[in-house]
Amino acid sequence: MPLYHKLGKIPHKRHTTFKKPDGSLYYEQLFGTIGFDGMSSLMYHIHRPTQVKEIEKTIDISPKAAVQYHVKSRLLKGLELPPEDDYLQSRKVILFNGDVHVGLAAPRKSMKDYFYKNADADELLFIHQGSGTLKTLLGEIPFGCGDYILIPRGMIYQIHFDSEDNRLLITESYHPIYTPKRYRNWFGQHLEHSPFCERDFRLPQNLETHDEKGDFVIKVKKQGHLHHLVYATHPFDIVGWDGYNYPYAFSIHDFEPITGRVHQPPPVHQTFETGAFVVCSFCPRLYDYHPEAIPAPYNHSNIDSDEVLYYVDGDFMSRKGIDKGYISLHPAGIPHGPHPGTYEASIGKKGTEELAVMIDTFKPLQLTQTALNLDDGKYYKSWLE
Ligand SMILES: [Fe+2]
């Protein structure tokens with residue numbers, strides 16, 4: 001996040017003595033990425049953050065390909081994924097490649113007896129249903145329906161839900177996730193033409209400091225395996241921090257759509273970018289206002305992108321038979337477009353209430369068995385007259 005933030009108390013100068021009331025020292029930790037070139041934060045712990053007591057077990061949670069090579073357009077019924085109590089167990093990867101894992105989760109319970117850290121990937125949670133609070137060692141972020149929550153790799157967190165009815169779309173990125181560079185100036189500030197700006201980001205707040213010793217389990221995802229580490233002190237023991245590397249939230253409802261006289265291409269919906277995929281937000285908006293405009297998109301070929309579209313709410317103008325939580329997968333190299341009749345029916349329409357999240361990957365995705373379990377099996381023929 002190219003925006004400076006700080007919480008709690010920090011010393012006037014970095015890398016200098018910072019004393020507790022009893023005269024002993026707080027422990028400084030640099031939390032950064034991309035060597036020392038990426039964004040970083042400096043945090044100050046009551047206890048050394050390095051006190052591993054035990055490494056109990058390691059579980060392989062890497063996704064397994066049920067379909068490695070695919071040309072079939074598919075429609076997955078995401079809300080048919082069965083709920084599970086535990087947050088991590090409820091997370092199911094459906095589509096993946098070496099750059100990105102796309103998954104669904106329907107967790108019923110809050111995380112209470114362990115903490116989690118993804119050391120492999122940035123996590124972008126999209127909250128389709130549910131609300132709660134993300135608790136991290138850098139502070140809390142309350143969340144609700146329509147929120148993107150970006151959690152940088154290495155961030156220790158717990159997620160607490162207000163109820164048991166939760167549905168999440170989870171994107172794990174092996175490349176850092178940023179807002180698009182073209183929206184920002186050379187210092188990183190969002191420009192006037194950006195569909196959102198710094199004011200829309202919700203940063204960590206309410207830094208809670210836990211000075212506790214005991215057995216604290218942190219489940220660490222690394223190289224596709226979940227390692228169970230027991231630490232001697234509570235991981236949320238920070239009295240203050242500052243910097244640029246921290247989680248934040250952004251509501252899809254704060255995305256201001258860019259419209260035109262004729263059909264605008266998908267990049268106007270772009271919300272996040274990485275070196276390997278983009279994330280776009282399709283939000284309620286006025287349609288194209290040229291008197292002869294066709295608001296439905298033209299047929300298009302994703303020659304070098306797999307297109308994943310998660311339907312959140314509203315009617316999706318160019319598709320038939322789409323419901324909330326459905327996910328369409330349009331594979332690279334295969335043209336797709338509006339369903340029969342929707343192209344013509346869109347003419348003269350003034351606006352749309354559609355709400356959807358799109359993930360376009362630059363390399364082909366593979367499908368897991370969970371994806372096949374949700375597949376309607378007939379979508380690829382849905383353009384026949
Ligand atoms: Fe498309």
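Reader: What makes I294, Y343 and I347 a nonpolar surface patch?

Author: In this predicted model, I294, Y343 and I347 together make a nonpolar surface patch of about 240 Å². Nonpolar side chains are joined into a patch when they lie within 5 Å, and Ile and Tyr both belong to the nonpolar kinds that are counted, so the name follows from the definition.

Reader: How do you know which residues coordinate the iron ion?

Author: The donor atoms are NE2 of H300, OE of E307 and NE2 of H336, and they stand at 2.0 to 2.2 Å from the iron ion. A donor has to be an N, O or S atom within 2.8 Å of such a metal, so these atoms count as donors. Along the sequence, the donor residues follow the spacing H-x6-E-x28-H. H300 belongs to strand β22 (residues 300-301) and H336 to strand β25 (residues 335-336), so the pair ties together parts that are 36 residues apart in sequence.

Reader: Are H300 and H336 buried or partly exposed?

Author: H300 has a relative accessible area of 22%, and is therefore partly exposed, because buried means under 20%. H336 has a value of 2% and is therefore buried.

Reader: Why are β5 and β19 called edge strands?

Author: They belong to an open sheet of six strands with antiparallel pairing, in the order β5-β24-β23-β27-β20-β19. The strands β5 (74-77) and β19 (270-273) each pair on one side only, and they are the edge strands. From one strand to the next, the twist averages 20°.

Reader: How do you know that β19 and β20 pair?

Author: β19 and strand β20 (residues 277-282) are joined over three bridges in the antiparallel sense. At least two bridges are needed for a pair, so three are enough. Across this pairing, E273 stands opposite V278 in β20.

Reader: What makes E123 and R91 a salt bridge?

Author: The closest N and O atoms of E123 and R91 are 2.8 Å apart, and a salt bridge requires such atoms to be within 4 Å, so the pair qualifies. E123 lies in strand β9 (residues 122-129) and R91 in the loop between α1 (87-90) and β6 (92-96), so parts 32 residues apart in sequence are tied together. E123 and R91 are both buried.

Reader: What makes E172 and K221 a salt bridge?

Author: Here the closest N and O atoms are 2.6 Å apart, which is again within 4 Å, so E172 and K221 also form a salt bridge. E172 is in strand β14 (residues 167-173) and K221 in strand β15 (residues 213-222), so the pair ties together parts 49 residues apart in sequence. Both residues, E172 and K221, are buried.

Reader: Which residues are linked in a network of salt bridges, and how many salt bridges does the structure hold?

Author: R91, E123, E172 and K221 are linked in such a network. The structure holds 14 salt bridges, and one of them joins R285 to E354, with the closest N and O atoms 2.9 Å apart.

Technical notes:
Residues are numbered from 1 along each chain as its sequence is written. This is a predicted model: local features need pLDDT of at least 70, side-chain atom pairs count only at pLDDT 80 or more; totals for chains, interfaces and linings use all residues. Side-chain values use heavy atoms; hydrogens and water are left out. Donors are N, O and S atoms within 2.8 Å of the metal (3.2 Å for Na, K and Ca); water is not among the atoms, so sites may look incomplete. Helices (H or I, at least four residues) and strands (E, at least two) are DSSP runs, numbered from the N terminus. Buried means under 20% relative accessible area, exposed over 50%, partly exposed in between (1.4 Å probe, protein chains only). Axes are lines fitted to C-alpha atoms, for helices over the stretch in contact, and angles run from 0 to 180 degrees between N-to-C directions. Patches are made of residues with over 30% relative accessible area and no salt bridge: like charges are joined within 9 Å, nonpolar side chains (Val, Leu, Ile, Met, Phe, Trp, Tyr) within 5 Å. Accessible areas come from the Shrake-Rupley method with a 1.4 Å probe; for residues, only the protein chains shown count as cover. A salt bridge is a side-chain nitrogen of Lys or Arg within 4 Å of a carboxyl oxygen of Asp or Glu.
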